[in-house]
Each structure stands twice: as C-alpha cells, then as structure tokens.
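The following briefing concerns one predicted model and is arranged by topic. Please view the sequence and the structure before reading on.

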Amino acid sequence: MLRFIVRRGLLSLLILFLAVSLMFGMIHMVPGDPATVMLGPKATPEMKAEFSRRLGLDQPLAVQLGRFYAGLARGDLGEDPFTNREVTVIVWEQLPYTLVLVLVAIGGASLLGIPLGCFSAIRRNSLLDRLTAVMSVAFIAIPSFVVALYLLLWLAVKWRWFPAMGAGESGNLADQAHHLVLPAIALGLGWVGYIARMVRASMLEVMEENHIRTARAFGLPERTVIVHYALRIAMLPTVTILGMGIGTMLSGALFAEIVFSRPGIGKLLYEAVLTRNYPIVMGSVLVTTGFFVLSTLASDIINAMLDPRLRERQGSGE
Amino acid sequence: MSKPRGLIAHTWSGLKKDPLGMAGFVLVSFILLLTILAPWLAPYDPLDVNVHNRLSGPSAAHWLGTDQLGRDILSRVLYGGQVALKVSLVAISVAMAIGLLLGMLAGLGPRWLDRVLVIGFDTVRSFPTIMFALAIVALTGPSLNTVIGVIIITSIPVYARVVRTQTRALRQRDFILAERAMGASTGRILRDHVLPNIAAPLFILASMDVPAVVGMEAGLSFLGLGVSPPTPSWGSILNDGYSYLRNSPWPIIAGGIPLIAVTLGFTFFGESLRDIFDPKLRGKDR
Amino acid sequence: MTAPVLDIRGLSISYGTEAGALKALRDVDLEVGEGSIIGIVGESGCGKSTLISAIIRLLAPNAQIVQGAVNFKGRDLLGLSSEQMRALRGDEISMVFQDPMTSLNPTLTIGRQMSDVQHRSTVSRSEKNACSVMMLERVGIPDPEAQLKRYPHHLSGGMRQRVAIAMALMAEPSLLIADEPTTALDATLEVQIIHRLKELQREFGCSILFISHHLGVIAELCEEVIVMYAGEVVESGPLREVFIDPKHPYTRKLLECDPARIAEPTRELPVIEGSLPNLVNLPDGCIFKDRCSKAEARCGIEPPKMSGDGHRAACHLLDHFQETSP
C-alpha cells in the first residue's frame, strides 16, 4: 500500500515538475520582456530594470527556475509585485473558498447521481432510466458557465431566492451556505449525470456477477443485495472518477467564481491573468495542478480501501 | 462500409431509429444553415451601434432586443455562430491531423517512441484545460488564434490515443502481417488499411468533441480572453450581457440558447453515430 | 419411497432470442426423494443450469416457463410470489455454485457474508458469528474464528467451496442444490469435498441435487442419476443400473468412451463426436439421431418417449441395444 502511494506520488510529482517548468519556460519565450508587459507601456527603463531585478527576471532562465524550486521547497512562492504580499499567503486565503465550493458540488452531485444511477440500473428501460439517460447527456454537454449565468439570471436576479454575489458574511454559516447554493449547482450539475451514468454502467456489470446470484440464492432481501453486495463494488470505478472530478472541478470552479463574484483560486488566477501578475499566475496554477494530482492520488487510495483485493495486491508490491 | 453511398444510407437508417439522434442531427443542421447564411439572414450589421436604443427587449424591429451599445442581438448571435464554426473547424481538423500522425507514430513506431508519446499525451491531459488556456493567454495575450491553439494542444491526445490503440490492434492482424511479408510499404499499409479502419471512430470522436470546443471558445470569449471586442461571439455576447445583467436579461438569454442548442445537438447526434458504427465504444466515457 | 421433496413434471422453458424461442428445456421430469442424492449428468448446454435456475426461480429475464410444474414439499414453486419464493431460498432450498472464485462477494469478509446468510434469524451478531464458526468447523475448516475476518481471496479454492457449503447448510435446508461444486477444484480436493458432503448429508438428512460433468463423482456420491441431453432427460434410474447397463446410446457413449474415467478423477465429460442440435429450430424425431451411430429411419420422424420402469430411457432402439449389448 505504502509503496503504491509512493510510486503514484512520484509520478504525479514528475508531471507537476514538467508542467511548472514548461510554464516557466514559456514566460521567457514570449516576445517582449515580462517587465514591459507587467508594468505597461508608460514605465521608464529604470523602473523596468528595478522591477526585473526585484523579480529576478534579469537572471538566466535556469537560475530563475532553480530559485523558484528552492523557494518552493521552503514553501515560498515569491511576492506579488503589485502589493508586495507573499504569494503563498494570498493563495492560502483564496483556497478554502474554492475547496468548499468543489466539495459541496461533488458531494451534492454524488448524493443525487449515485441513487439515480443505481435506480436506472435496477429499473432498466423504465421511464426514470430513460429520463436519466437523456438528462445526464444533456447536463454533461451544456457548458457550466452557461448554467451559472442562467441560474444567476433567474434564481438570483429575477426571483431573488439566492444572493447573486460574494461568499457570504464571514462567521455566518447560514449566509455562507446560502451563497454557496447556486455556484455549487452550476459546478455540480454536469457531474450528476456523469456519476449517474458511471454508476448505472458498473451496476449493470456487477449485477451479472456470480456472487450476486449467490446472495439472491440465499434469499437475501433485494435491498441488501443491491446496496451492500452490488453498489459497494459498483462504486469503485465511480470513486476514481470522483477523485479526478475534484481536480477538474478546481478549474471548473473558475467560471462559477467569476459569474457569482465569489472569491477563490479561479477568480484569483483570472484576475492575475488580466494584470499579467506572473507570480500569482504561477502560484495558483501550481496549487490547482497540485490539488488535481493530489485528488487523483486520494481517489486511488480510497479505491484501494474499498476493494480488499486491490489493497493487498498493491501492498505486496506486485 | 467501403462505398460512401452505403455509409450514408447506413447512417440514415440508424438515425431514423433513434429519435434523439435525429433531433440532434436536425438541430445541428439547422444551426449550421443559420450560421452559414448569417450575412443574408441577419437583419442588421452586427457591429452597428445605436445609442438611442440601448438594452431594449424583444420587439418587431429587434427580435432578441439590443445590447448595451444598441446593437441588434439577433444579428450578433447569427454572426457569433461563424466564430464558433471557424474555431471548431480549424481546431478539430488540425488536432485530428496531428493526432492521427502522432497516434500512428506511436502505434507503428519503435517502443521507446510509443512510451515517450504516451507520457506526453498523459501530461497534457493531466493539466486542467481551463488553467492551461488561462496560463497561455496570460503569456500571449487574448486572441482567437490563441484560443484555437490551446484547443488544438489539449485535443491532440484525445485523437492520438484512439488512433494509437486502433493502429496497434490492426498491426497484429493477419492480413496486415501478410501484406508486410509480401513487401508492402508502411505508407501503403497505413493508407489502405489503417486509415479506412480508424476513419469512423475518428469522426464520431470529432462530432462529440464539437460541444467541448464550442464551449471552450465561448468560455474564453466570455472571460474576455477570446475574440477581441467588437467581433460577436456567443461568449462575448454573454460577457456583454453579464455586465448589464440588471438592466436587461436578453443578451444572456439570447447568447446562451445557441450554445445549449449546439452542445445538445452535437452530443445527441454524436452518441447516435457512435451507437450506429461502434457499439463497443458505448459506456467508455473519456 | 416416501413422498418426494422435489417433484418436477413436464417442465419446458424457452429463452427469447433474436433468432426465435430457444427451447432450452423440454418436458423434463425429475424426482428427488427425501434424504436421497440425485445426480444430473450432461455436457455444457444440456439445460442443467436452466433447470436449477428454474427450481430456485432465478431465471434470466428472457426465460419463459412454457409449461410444467415444480413441486417442492407439496407447494407449486412456479405459483409462488417472488416474496414467498425468496423466503424459501437459503432456508428450505440452498445452493452451492460452481466457481468458488467468483461466487463469494470479494469485498465482504467471510464472517459478514456468513452472518448475512442468517438474515432470518433474530439472534445477536455475536451469536450469529458463533453459528458461523460452528458451521465452518463442521465443514472441516481449520481455525474457523480467524477465517471470519478474512476475505474470500485469502482462501484457497477448496476452502472457499467449504465456506460455500457451510453457508448453504447453515439454515439446515431440506434440499441442497450443488451445481458442479467440485469442477473447479483439483482431484484430491474434489474427493475430500465429496466425502465431506456425503457425511454432512447423513448428519443433516437433507436431499441433494448434484450436478456434475464428472461421472466418477456422480458414481461416488449419488444413488440415482439423470442423464440430460440438449434440454431433455434421455435416461434416468438407480445409479448402478444406469452405469452398468446404460440403455440410451448417449449414456452408452459417455461410459464407453473410457470406462476407466468413472474411477479416475477427471475434469470433463468424454468427448463425443458431433455437436448439439440447434435448439431454436429443433430437428424432427430423436434429438440425438445426428450423433447416434445406430439411428434408423423412424428416429428421424418420431421423437422417442421415456419408457421403462425405475430405470427409464428415451430411445426407439431400446430392444435393439438390449440384444446387442455384450
């Protein structure tokens, strides 16, 4: 088990390393030097030189990259050149908003999607099954920011059921939850269908397996057979998808955060992109990709915990 | 499936049995027609500003109302389709061509090359797409070409993986081995056997990729990172509408509908195509 | 003979397929007396699995019971509601399945699965566990308490099959249906399991319907045997009579191919030339005629009926075989 985690972790780190280095390299391949882009056309050469020196942009690429990783090892991502605040602090401030949004969205999507997929598999070709099939495809396809805009338009602006902006008053949990509803729906709606489809497909597969026939041959109540004997196994592939879903949602959250003017990593990155604030761009991309990689890893581990066969195969390092 | 006429007849008879797929096909054809005929159908110039008639609701003169500069939204939506069409055509065909090439290289080439390419595909796929797009835009500045470039880079692995799998499977088949033994060149084998066999899965993939590509373009344009301001795109119409949301809901309603229609139409059509040609692909969501 | 525990009369079952109705079982009669062990022999596709699925009413959704009756202790199982039927399964009727590798749930512990099987009992969890331990001990599993915490994949095939038998006997059923329980095991294990099953049958006094490919196992365990071919019963009777003096050409071929196989453990039935008839479009006359070396004109016209007393067979040439048999 440990060996498996370590191996997966190392592979993830390699991908992260490649991605970050690639981005770093690209900043320097862009025509025009970053200082000019960041400070705008009115900056004097002295200002640019001072700015470049402060960000270390006058050093060769390899040195900068080395410094970046050295800083990273110390948990230091550099400074925001505009406010002089530490990038790590800024990122840590925004991260919880995004994480809560993503967790609520994926949690809600699972709570809806798993039973829907399960019922669809059991009552195959029923009205509910066909409806779920069509709706899942539809919700997966429609871009989430369009869903967000329509929700904003109707439920927040027109009917005023939910607030349109922000994350709610700090310390006021009910208010924060109220602010969370629409962004979470916008983010999670497509996943309801996705999860339902996954669960349905694997339930249909598991229900054909021999041990389900055994359980039925012992007259176990159908509920027990479905929930404890079948769904438990059918969930395994879904958990993997959920893990990746958290990663994908971290970037999907960007649209929800912008449409609902909600603080978070996505909004931070977006604003940093608009102002060419490279340290913040690097920091938020690093954190998002890091979480993406981490959530994939976590889903593998949870999967192993649910499936004793996998747990031990990996434990013995085969 | 060798004769094109047989292929079309096969598709058509399959579609007739699938009402949802047929609906998707009709929707897609309808939108495509409107988009191509936009210059003739649009009642106004999409860039014509009229400050005396800003943010008005639907009327006989402006069926979908006007935006914050008094431009006719219907005309902008029709022309916006052309941006989506251009982006999807260019991005998907280039991504497919490169994916085809890399996938065949991985499938037929030496083992080390296959390994390197697969790790490359995985790295690109493991990067959250929107983050990638934003990062690139941050570096190169907003433009439609950047959007197309980002979509191409992120789509290549999708096509390349399918081509690689199919090529590898075919390579082991007897008739290919026999042709090789008889001295057929790799190029000939690719042209005569591999290409016809992967054409169907590739086109199904492409039709299912359209919603993602259109959504990506609209998303980036919505963020102001795609088309430059006066040009209408469904995303930029939504962006304008978002800024004036409390004054008029019409730009958002009008900009969202074609997006929903296109994504739904292509998805249902694509699913239907997949069921007709390759039932084995069913359930394998990427 | 006392009233049979299980009495099947004229059972016919078809599967709806695209090509038409696949007549998997045709007019099958079967009797299992109280405390007796009946063996069913036949190659793959002879309808054994359909037959047992019909008894426990776990048929595939496209299966249709065309006609017939399945009487279990005087109740017609085919007329029971699915809830009534579920009440019988794992209580009065138990099953041991073929493949011990896949017939236990891989994600639940042995203990959990064994206590789940006792779902009708109202005793506490620890008492259920005590029952499980006792049962595991009786089927010959060493250190039963430790096994409860283990998962199926920890156990060898033979051990898993013992667990399956323990689970099946837990409710002290009247009828145990064993569907090739030893086919997946190696020869020495097979013998051990068969002996254990025989002992347990004596202790519990239940009836056993034992399905096997393996003539040797049937010979070892059963008192009566039923030979099935392509969805029909072609011969039935007391074990010794059927094995020593087979009447139907199919049974003869099974035994003739290599008589030593009865004594020698083997995985498969002897190979007989030819293949099963098409069960969607049944041929006229006798279903075995294409593979029978002695087939005559009338075999292609009229299907033979089961005849004889006690030891019965369905063949037009019974007398003919009788005369020429050495």
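Chain C contains 11 helices and 12 strands, helices being DSSP runs of H or I with at least four residues and strands runs of E with at least two, numbered from the N terminus. Its radius of gyration is 20 Å, close to the 20 Å that the globule rule gives for 326 residues, so chain C is as compact as a globular protein of that length. The radius is taken over C-alpha atoms, and the rule is 2.2 Å times the number of residues to the power 0.38.

**Basis and confidence**

- This is a predicted model, in which local features need pLDDT of at least 70 and side-chain atom pairs count only at pLDDT 80 or more, while totals for chains, interfaces and linings use all residues.
- Residues are numbered from 1 along each chain as its sequence is written, and chains are lettered from A and ligands numbered from 1 in the order in which they are written.
- The model has an ipTM of 0.82 and a pTM of 0.79.
- For chain C the average pLDDT (the predictor's confidence in each residue, from 0 to 100) is 83, and 91% of the residues score at least 70.

**Chain C**

- Along the principal axes, the C-alpha atoms of chain C fill a box of roughly 70 × 45 × 40 Å.
- Of its 326 residues, 44% count as buried, that is, with 20 or more other C-beta atoms within 10 Å of their own, the C-beta atoms being placed from the backbone.
- Among contacts (C-beta atoms, placed from the backbone, within 7 Å) in chain C between residues at least 6 apart in sequence, 66% join residues at least 24 apart.

**Chain contacts**

- Chains A and B share the most contacts of the 2 pairs of chains in contact.
- The contact between them takes 36 residues from chain B and 37 residues from chain A; on the chain B side, helices H5 (111-126), H6 (129-140), H9 (186-222), H10 (234-243) and H11 (250-277) each supply at least two residues.
- Chains B and C have no contact, and their closest C-alpha atoms lie 18 Å apart.

Definitions and conventions:
A residue is buried if 20 or more other C-beta atoms lie within 10 Å of its own, exposed if 12 or fewer, and partly exposed in between; C-beta atoms are placed from the backbone.
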